[in-house]
Amino acid sequence: MALIKSISGIRGTIGGKPANSLSPLDVVKFTAAYAEWLKQQTQDKKNRYSVVVGRDGRISGLYIQQLVISTLVASGIDVINLDLSTTPTVEMAVGFNNADGGIIITASHNGTEWNALKLLNGQGEFLSAADGENLLALAENEAFGFVTVDKIGTVTNDALAMEKHIETIVQLPMVDVEAIKKKKFKVVVDCINSTGAIAVPALLKALGVKDIILLNEEVNGKFAHNPEPLPQHLNGICNEVKKQHADIGIAVDPDVDRLCFICEDGSLFGEEYTLVAVADYVLQQTKGNTVSNLSSTRALKDVTLKHGGEYFPSAVGEVNVVTKMKEVNAVIGGEGNGGVILPQLHYGRDALAGIALFLTYLAKNNKSVLQLRKTYPDYFISKNKIELSNGVNTNSIFEQLQRKYKNHPVNTEDGLKIEFDKDWVHLRTSNTEPIIRIYAESNFETTADNIARRLMADIKEYM
């Protein structure tokens, strides 16, 4: 059992004792704390508050949604219920409805035993570190209360938010529906038994794509494979793209904020290169700066410099990427896990926006997916993780590693990043799981793997 409280939200496993899992009591406690935090943001400014609520297709989603909605109503909050939705749709719906905040019930790439509350502010963005800490303190101290019967909130169902989200994407100046329609793309989509099965086909049809083959399309939360869109989990769609002689494969995670593509020969475009390719297209339309996190490929920097922009790294975590993007007025940004953030649309990772931009670029560039991939440098990232047992002092481990590699340039902004000439390794504790992530990049796959293995051995020694 696990319960992880961070700026990324409240995430835990289903079943078990309160405070050691995402139990019903914990759902109520953290939702009530969120309601109290939200009221404090606009204290004395208004009498009514509204929050958008949506969920992915997880097995536990419906009962958690009911708990969240009931708690918000009991706190005097009006609820706009999207029911089955996507993370970027909820983010957009906060703006559509001029709401005060939003809650997305999703554990993103985690397995079926997990669920989470992703918490949004009035801009439809994740809470800042300071706001997150304030909310956690309210929950810890149970510094919240519930309203009398004459002040309880209302519930309104909104079945059109996803349609409006897609319509907004289609109308972006950088999205060319006619160009996409003319190409008559044949597309295979891995919907991973969640709301991507609703959102992605609807988007593709709005873009004029008619030949769509859906895999794992039943929205039942019984994920057909590990839901994180990593190479080792995508053999099914890779084989299907090749078998169907499709032009492209599209894989998303359960809440549709991460995205990766499959080339026409069944090979992977590479989740790290989702942002690289989309940024390449965006920078051709709008000159400017880019941002990605410290664990992302340096290929984005290469593309940005080619177009005359400046690249900036940020700490890992969507809120950190967004903060840096605003600081440097970036025109595109995101994370190497397949997360694309287009400020022109909203400040959130949005797989639907990424699909529309990528297909437009593909159509206008007159290249196949594989041909487009070959236009970018080959960097290899070895992505690994080590599970942590209770009581492990990760700060001590990182300090010992920093001493061991003191002759190499290091960055301690977010965990520990060590530079080895043109190669690098980034070590950090996850905000969403009890693990240390170890990412290493090199021009050569074996070198990246060897660097990662060396650091994993060091970590295990210091543990």
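**Aromatic pairs**

Analyst: The structure holds eight aromatic pairs. Rings of Phe, Tyr and Trp (its six-membered ring) pair if their centres lie within 6.5 Å; planes under 30 degrees apart are stacked, over 60 edge-to-face, and the rest tilted. This is a predicted model, in which local features need pLDDT of at least 70 and side-chain atom pairs count only at pLDDT 80 or more, while totals for chains, interfaces and linings use all residues. Residues are numbered from 1 along each chain as its sequence is written, and side-chain values use heavy atoms, with hydrogens and water left out.

User: Why is the pair of F144 and F146 called edge-to-face?

Analyst: The ring centres are 6.1 Å apart and the planes stand at 70 degrees, so the pair is edge-to-face.

User: What makes F146 partly exposed?

Analyst: Buried means under 20% relative accessible area, exposed over 50%, and partly exposed in between (1.4 Å probe, protein chains only). F146 has 46% relative accessibility, so F146 counts as partly exposed.

User: What makes the pair of F261 and F358 stacked?

Analyst: Their centres are 3.8 Å apart, with 15 degrees between the planes. The pair links distant parts of the chain, with F261 in strand 11 (residues 259-262) and F358 in helix 12, 97 residues apart. Helices (H or I, at least four residues) and strands (E, at least two) are DSSP runs, numbered from the N terminus. Both F261 and F358 are buried, and together with F269 they form one aromatic cluster.

**The cores**

User: Which residues touch the most other members of the largest nonpolar core?

Analyst: They are L204, F269, F358 and L359, in a core of 64 residues. Helix 12 (residues 351-365) gives the most to this core, with 11 residues. A nonpolar core is a set of buried Ala, Val, Leu, Ile, Met, Phe, Trp, Tyr and Cys residues joined through side-chain atoms within 4.5 Å. Apart from it lies another core, of 28 residues, including F30 and W37.

**Charges over rings**

User: How do you know that R373 lies over the face of Y273?

Analyst: A charge sits over a ring if NZ of Lys or CZ of Arg is within 6 Å of the ring centre and within 35 degrees of the ring normal. R373 is at 3.7 Å from the ring centre of Y273 and lies over its face. K417 lies over the face of W424, at 4.2 Å from the ring centre.

User: Why is helix 9 called roughly parallel to helix 10?

Analyst: The axes of helix 9 (residues 271-285) and helix 10 (residues 299-306) come within 9 Å and cross at roughly 10 degrees. That makes helix 9 roughly parallel to helix 10, because angles under 35 degrees count as roughly parallel, over 145 as roughly antiparallel, 65 to 115 as roughly perpendicular and the rest as oblique. Axes are lines fitted to C-alpha atoms, for helices over the stretch in contact, and angles run from 0 to 180 degrees between N-to-C directions.

**Two single residues**

User: Why does I64 count as buried?

Analyst: I64, in helix 2 (residues 61-74), has 0% relative accessibility, so I64 counts as buried. Leaving aside neighbours within four places in sequence, I64 is in contact (heavy atoms within 4.5 Å) with I14, L22, V27, I105, N115 and L117.

User: What makes P18 partly exposed?

Analyst: P18 has a relative accessible area of 41%, so P18 is partly exposed. Its place is in the loop between strand 2 (9-13) and helix 1 (24-41).
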